Amino acid sequence: MPENTPITVAHGDGIGPEIMDATLHILREAGARIDVDTIEIGEKVYLSGNTAGIAPEAWGSLRRTRVFLKAPITTPQGGGYKSLNVTARKMMGLYANIRPCVSYHPYVDTKHPVMDVVIVRENEEDTYGGIEHRLSDQVTQCLKLISRPGSEKIVRYAFEYARAYKRKKVTCFVKDNIMKLTDGLFHKVFNEIAPLYPEIEADHWIVDIGAAKLADTPENFDVIVMPNLYGDVLSDVAAQIAGSVGLAGSANIGERYAMFEAIHGSAPRRAGQNLANPSGLLLGAVQMLVHIGQADVAQLVHNAWLRTLEDGIHTYDIYADGVSKEKVGTREFANAVAQRVGKVPERLKAAQYDTTRKEAFKAPSASPVPVWTRRLDGIDIFIQDAATNASALAERIKGAAGADLHLVAISSRGTKVWPNGFEDTVTVDSWVARFQTTESSKGISQQDALDLLQRVSNTGVTITKFESLLTFDEVPGYSLSQGQ
Ligand code: NAD
């Protein structure tokens with residue numbers, strides 16, 4: 001007999017305990033070879049004064065098992081509470097979020113009968129670093145960070161997933177017509193990695209029209225990989241248009257740890273009434289079983305669940321007259337699934353996993369990042385000033401330029417307003433003055449940049465931050481402002 005795999009389980013808040021009990025009951029009945037270690041997370045922990053929502057000793061369990069099956073939790077509104085989900089993703093390095101969004105026509109109402117899309121969302125970068133600053137009375141900012149290793153890891157994961165699950169196409173969604181450097185890097189990495197998987201079709205859409213097409217004709221998509229924010233929004237959209245967010249599971253995968261959950265929240269108003277649908281968490285647990293090398297059990301559970309849907313045994317959220325046969329509660333639904341272990345669906349496509357695979361597939365780690373020849377060409381100085389206009393500001397700071405550094409432009413919210421600005425451009429109280437070297441220059445030193453900052457500061461303006469203008473092998477690593 002193979003040894004049991006230890007897993008850490010948290011029952012969460014709201015409907016969490018009920019759907020976790022239902023899920024564990026089904027796993028046990030299907031013969032999952034797991035040893036459960038239970039930890040406390042969520043509302044109780046938050047309200048006991050631990051703003052992270054997880055007790056320090058719970059990390060000990062996670063460090064030991066490295067596999068986390070987590071029910072949804074309630075994050076108290078307001079106060080300094082952090083999202084435990086974001087904390088867990090970051091602490092455990094869970095860089096990939098995998099959300100299969102499938103329709104179960106005709107058993108669950110959907111406008112898209114043949115939808116079977118897997119969203120692969122980058123889970124650590126983008127605006128989710130939460131690096132935000134208030135620059136002035138009027139302006140706030142959030143930094144969007146996209147790295148080459150981060151992009152490479154997630155894009156490789158998407159292609160490895162497609163290969164492991166015999167998927168045909170991977171589509172990349174980005175907005176690199178606007179964010180040429182950040183989303184541009186993600187897209188560039190996608191184009192570099194795609195040819196390494198010649199048997200898989202690679203496709204790309206700008207995220208806005210891509211999202212519209214996904215919502216309209218999801219049957220044309222297979223695996224979709226995208227940066228964090230787009231993935232967060234579009235995976236909920238995809239799950240909902242498939243039939244219900246209540247039916248989708250989610251895997252968060254890292255190099256050493258993994259966390260599995262439902263995509264929905266703790267639905268407090270449904271708690272304690274034996275009403276909630278445990279399907280999302282159950283499908284998260286199915287992903288977990290595949291991850292820990294128990295694809296045989298995953299297949300049994302998944303097919304028993306599909307058969308239960310097919311037999312019309314439905315919780316209130318998917319119950320429909322004429323289609324459903326029996327409206328059941330959480331416990332009765334779990335019993336119905338457990339009773340069907342060993343059965344397969346008759347009309348829905350049966351789940352089939354590679355039962356020879358005894359461990360999770362590993363995405364190759366990111367390749368070494370090349371070393372570039374860097375040159376400092378100048379700096380963007382952010383200035384707060386509510387009273388001034390662009391021309392007056394230019395007159396005030398122009399003289400601070402050095403022998404090889406010139407004030408080349410002033411912009412407001414990314415639009416050039418000096419020189420030759422458009423008089424109707426609406427400006428705010430935060431300005432960016434770009435000081436740059438001439439084209440023939442060999443660049444400036446860091447000290448030159450600091451000296452410039454000092455001279456600009458001496459003019460009496462309020463500097464809020466500065467950014468370096470670097471070129472990498474002669475390619476500018478900074479954007480031009482609109483109109484520059
Ligand atoms: P929610 O997903 O909990 O519930 C929205 C509605 O969807 C519910 O009122 C209910 O009608 C329905 N629903 C959701 N899951 C269902 C299920 N399994 N069965 C039947 N119906 C279901 O979203 P919310 O109300 O915005 O959030 C409630 C709490 O959950 C908040 O505190 C939020 O922070 C938290 N949350 C946690 C997670 C997580 O732990 N992963 C994710 C999202 C939200």
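**Exercise 1.** With which side chain does the side chain of aspartate 176 make a polar contact?

*Solution.* The model is predicted: local features need pLDDT of at least 70, side-chain atom pairs count only at pLDDT 80 or more, and totals for chains, interfaces and linings use all residues. Residues are numbered from 1 along each chain as its sequence is written, and side-chain values use heavy atoms, leaving out hydrogens and water.

Step 1. Locate the residue: aspartate 176 sits in the loop between strand 8 (169-174) and helix 6 (182-193).

Step 2. Apply the criterion for a polar contact, a pair of N or O atoms within 3.5 Å; within protein, one must be able to donate a hydrogen and the other to accept it, and residues adjacent in sequence count only if both atoms are side-chain atoms.

Step 3. The partner is the side chain of histidine 187, at 2.6 Å.

**Exercise 2.** Which side chain of opposite charge is nearest to aspartate 176?

*Solution.* Lysine 180 is the nearest, 8.0 Å away. A salt bridge requires a side-chain nitrogen of Lys or Arg within 4 Å of a carboxyl oxygen of Asp or Glu. Aspartate 176 has none, although the residue is buried (under 20% relative accessible area, 1.4 Å probe, protein chains only).

**Exercise 3.** Identify the polar atoms of the protein that lie by the ligand.

*Solution.* Step 1. Backbone N or O atoms lie 3.2 Å from a ligand oxygen in threonine 75 and 3.0 Å from a ligand oxygen in serine 266.

Step 2. In tyrosine 316, a side-chain N or O atom is 2.9 Å from a nitrogen atom of the ligand.

Step 3. The protein buries 68% of the 820 Å² that the ligand exposes when taken alone (Shrake-Rupley method, 1.4 Å probe).

Key: Helix = DSSP H or I, 4+ residues; strand = E, 2+ residues; numbered from the N terminus. Buried < 20%, exposed > 50% of the residue type's maximum accessible area, 1.4 Å probe, protein only. Lys, Arg positive; Asp, Glu negative; His and termini not counted.
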